[in-house]
Amino acid sequence: MAEVVKLLKTWSSPFGLRIVWALKLKGIQYDSIDEDLSNKSPLLVQYNPVYKKIPVLVHNGKSISESLVIIEYIEDTWNHNPLMPQDPYHKATARFWVKFGDDKVLPSIWSAFLKQGKEQADAIDEAIENLKLLEEQLKGKKFFGGEKIGLTDLALGWLANLVPVFEEIVGMKIIDEERFPSLLAWMHEFAQVAIIKESWPPHDKLIIKFQALRDRHLAK
């Protein structure tokens, strides 16, 4: 019986992109369904009735939600081209930095993007402290796990995608070569991998989307 794999996502979501990358790195064929979150489809509500959010992976009729849960499901289901280390300690370390990215790095950079004045300055300070820890992890390495893309790279890949967008909109540099040479080199290396590069949302469309989002937030 042929595998039937579907991915419900949006065109701009960094969380959906994680799954796109994971499936492509594994060489898994799938159907992509772009959702409009302002008008959620019956399919999305059916497959993720709890959160009604993307991404959702549907594999042979069974649905899995939450991007990091989905990646682990993909890893457990299709063992070739592993995305996680085999060593238990290294696997736990990868999971730690993934959680750090979602719990600390992402909120601080998002706050720096949306705030103004002193609140923005405080958020930038926090973001820089978080990024320094990632910089330390990358010293002497091509990717977080070594020479090949793995779970941590996929989870933090939004840095290479969205940080340049945020910097352009706000008009300031957060990740620069002086403070973050290893992180900047990783962003470039990651973005140039063919499977990653071909999946980027259009930069100009992201600028329009996030500029409008920031304007709405600041107008409140």
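The model described here is predicted. Leu184 belongs to helix H8, which spans residues 181–192. Leaving aside residues up to four places away in sequence, Leu184 touches Ile175, Asp176 and Glu177. Lys139 is 45 residues from Leu184 in sequence, and the C-alpha atoms of the two are 11 Å apart in space.

Ser182 is also placed in helix H8. With a relative accessible area of 19%, Ser182 is buried, since the limit for that class is under 20%. Its contacts, not counting residues up to four places away in sequence, are with Glu135, Leu138 and Lys139.

The chain as a whole contains 10 helices and four strands. Along the sequence these elements follow the pattern β-α-β-α-β-β-α-α-α-α-α-α-α-α. UniProt, in an unreviewed entry, places the feature "domain: GST N-terminal" at residues 3–82. That span is 38% helix and 21% strand, and its end C-alpha atoms lie 19 Å apart. The feature "domain: GST C-terminal", likewise from an unreviewed UniProt entry, is placed at residues 87–218. Over residues 87–218 the chain is 76% helix and 0% strand, with the end C-alpha atoms 46 Å apart.

Within residues 3–82, the span of the feature "domain: GST N-terminal" in the UniProt record, helix H3 covers residues 67–77. Its buried residues are Ser67, Ile70, Ile71, Ile74 and Glu75. Seen down the axis of H3, these buried residues fall within an arc of 140°, so they line one face of the helix. An α-helix has 3.6 residues a turn, so residues three or four places apart point the same way. The cover over the buried residues of H3 includes helix H1 (14–26), strand S3 (56–59), strand S4 (62–65) and helix H6 (151–156).

The loop between helix H2 (42–47) and S3 contains Pro55, which is joined to Ile54 by a cis peptide bond with omega of about 0°. Lys52 lies in the loop between H2 and S3 as well. Phi of Lys52 is near 55°, a positive value in a residue other than glycine. Lys52 is partly exposed, with a relative accessible area of 32%. A positive phi, of about 45°, is also found at Asn81, which is not a glycine. Asn81 lies in the loop between H3 and H4 and is partly exposed, at a relative accessible area of 40%.

In its overall dimensions, the chain has a radius of gyration of 18 Å; this agrees with the value near 17 Å that a compact globule of 220 residues would have. The C-alpha atoms fill a box of roughly 55 × 45 × 30 Å along the principal axes. Of the 220 residues, 45% are buried. Among contacts with a separation of 6 or more, 68% are between residues 24 or more positions apart. The chain exposes about 11400 Å², of which carbon and sulfur atoms supply 54%.

Technical notes: Residues are numbered from 1 along each chain as its sequence is written. This is a predicted model: local features need pLDDT of at least 70, side-chain atom pairs count only at pLDDT 80 or more; totals for chains, interfaces and linings use all residues. Side-chain values use heavy atoms; hydrogens and water are left out. Buried means under 20% relative accessible area, exposed over 50%, partly exposed in between (1.4 Å probe, protein chains only). Helices (H or I, at least four residues) and strands (E, at least two) are DSSP runs, numbered from the N terminus. The arc is that of the directions from the helix axis to the C-beta atoms. Contact means heavy atoms within 4.5 Å. UniProt positions are given in the numbering used here, feature names are shortened, and annotations may be inferred rather than shown by experiment. The radius of gyration is taken over C-alpha atoms; the globule rule is 2.2 Å times the number of residues to the power 0.38. Accessible areas come from the Shrake-Rupley method with a 1.4 Å probe; for residues, only the protein chains shown count as cover.
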